[in-house]
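Please look through the sequence and the structure shown here, and then read the report that follows.

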Amino acid sequence: MFPVESVALYLTCFSITLLTTRLLSKWSHRTSSASRLPPGPTGTLFAGVKRLLPSTEPWKKYLAWSKHFDSPIISFRVYNKRIVVLNDYRSVQALLDNRAAIYSDRPMSWMYNVICGRGNAIFNISASNPRHKAYRRLIQQGLGTKGTKLAWPVLQDEVNALLDGLSSSPADWEQHLLRTTAGIVMKVAFGYSIKTLEDPFIKVSEETSKISGWATTPGRWLVDYVPILRYVPSWVPGAAWKRQGLQWKERLTHLSDVPHQWVKAQLTAGQGIESFTSRLLSQLAEEEQDSAQAEEKEDIIKWCSGALYAGASHTTVSALTSFVLLMAIHPDIQQKARQEVDELFKYVGVLDTVCLSRLPYLRATLKEVLRFAPVGNLALPHCVIQEDEYMGYRIPKGATILPNVWAIMHDPILYPDPFVFSPDRFVPRDGDVNATSPQPDPTQFAFGFGRRACPGTEFAEASLLLMMAKIIYRFVLECKDSQLHNCENLQFTTGITSHIKPFPITFTPRDVSSL
Ligand code: HEM
């Protein structure tokens, strides 16, 4: 909340900033070859469209505005920030992919990046900072094809524990999915085993996510709109927000140190279990370099491994939750996928990464889950670093760019009958797994764009396919409520990640040998 005591001072600063921004924008407006901003609602002079934004499913409102203004690209203002929403695949590809050099920054959050000290995290750092490339290289190397193979035994163990959990207490299936996705990432990132969601390492990561959520809530912190306020000393009356931010900074710094120091202590004691962090730290120890360089590299490793839980846990569990629920209300699709898995298991005793390519229908089902119930309906916001022009519209420097992934995934031109769940859209022609899908591959939209596209895609797909295959091999999933079998009655959660809101389902064990 904005502090009450110094509202007058802040409002004055804010009004001056707003006026200056608008004057500057008008001036640059005249100098730009394209003069019109993309169309959109105007809202009020002070807050722009702030009050028009819905608290749930904003992606649907953006698509409605796009239709109303008859433009795939729309724009509006929230206080002094310009937001541009791209509602079709053409604009997303033209700007975020093809012009990635200028569209791959993140909008600045003064509260989170500067006051809470999180500006170095991969999610927030500028794409022009050399660290961004360094982070992505480490994550792609660590969790690409080779890294996924290395992590396979961990994945197998964790998924087997999931199946045991589902057998013994199926009613707690949501908790089992959460524990498994968290367990995988903790083991792969740090070599740390968790048994329950009460584990202290999970608490550390969840507290980090919670604080990050509060500190990045749009519209909550005046400093995000009037950056000069960051210089307000924390003792000034009304600067409770600054004191809060500094407290969070201390806590977040401590929290990110916990797992990193644990791995270092394990390595020193000669007990290190191989992990993403331990491999990188061991490599670092073997390199010859001065201490400043080594410190910088260790810091990079810490920020990278610290990002894995945030990047992997809620996203993977969202997709898996939607999968389980969709299977329960689509028994035919479930049975078809199971037949393919059963066939494969007849020939291979153990499922490895190579076998996954022999499950084209299951892969098509994963694509359809990611299309039908996108994990990130607006991906993550990008920011454009220089003024640009598209379709005759001016895109102002510094504008926040939101790709409306939900609108693309439900575009009837790309995906006829978009609200019908049908993996057949992606079944390769003539059984050739290398052939292109009949409809566009949704993974090109589900995992983000340009230089910010998800570096964990390969790991995410492999781990999801393994979990999906094993769940339907071991259990028949059912939903007794026939009303819910109509996809139009499904409800979705709203947040950075989204999934179908859970409803009662049953897991009936099959009489099959364990794998
Ligand atoms: C179903 C699973 C997943 C989905 C749908 C997903 C989706 C996304 C999306 C939409 C973005 C934002 C891209 C953009 O800004 O254009 C992203 C970024 C990111 N993801 Fe994923 N992700 C998944 C799993 C993972 C996993 C398993 C990891 C790591 C092990 C991971 C690590 C990251 C990181 C570090 C970023 C930030 C990239 C950057 O800002 O440069 N994600 N992901």
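## Tryptophan rings, charges and iron

Trp214 is partly exposed, with a relative accessible area of 40%, whereas Trp248 is buried, with a relative accessible area of 9%; buried means under 20%, exposed over 50% and partly exposed in between, with a 1.4 Å probe and protein chains only. This is a predicted model, in which local features need pLDDT of at least 70 and side-chain atom pairs count only at pLDDT 80 or more, while totals for chains, interfaces and linings use all residues. Residues are numbered from 1 along each chain as its sequence is written, and side-chain values use heavy atoms, with hydrogens and water left out.

The structure holds 17 aromatic pairs, where rings of Phe, Tyr and Trp (its six-membered ring) pair if their centres lie within 6.5 Å, and planes under 30 degrees apart count as stacked, over 60 as edge-to-face and the rest as tilted. Two of these pairs are set out below.

| Pair | Centre to centre | Angle between planes | Kind |
|---|---|---|---|
| Trp214 and Trp248 | 6.0 Å | 25° | stacked |
| Trp221 and Trp248 | 5.9 Å | 90° | edge-to-face |

The pair of Trp221 and Trp248 links distant parts of the chain, 27 residues apart, and Trp221 is buried, as is Trp248.

Elsewhere, ring pairs link Phe46, Tyr79 and Tyr225 into a cluster, and Lys81 lies over the face of Tyr225, at 5.4 Å from the ring centre; a charge sits over a ring if NZ of Lys or CZ of Arg is within 6 Å of the ring centre and within 35 degrees of the ring normal.

Finally, the only protein donor of the iron atom of the ligand is Cys454 (SG), at 2.3 Å, where donors are N, O and S atoms within 2.8 Å of the metal (3.2 Å for Na, K and Ca), and sites may look incomplete because water is not among the atoms.

Terms used: Helices (H or I, at least four residues) and strands (E, at least two) are DSSP runs, numbered from the N terminus.
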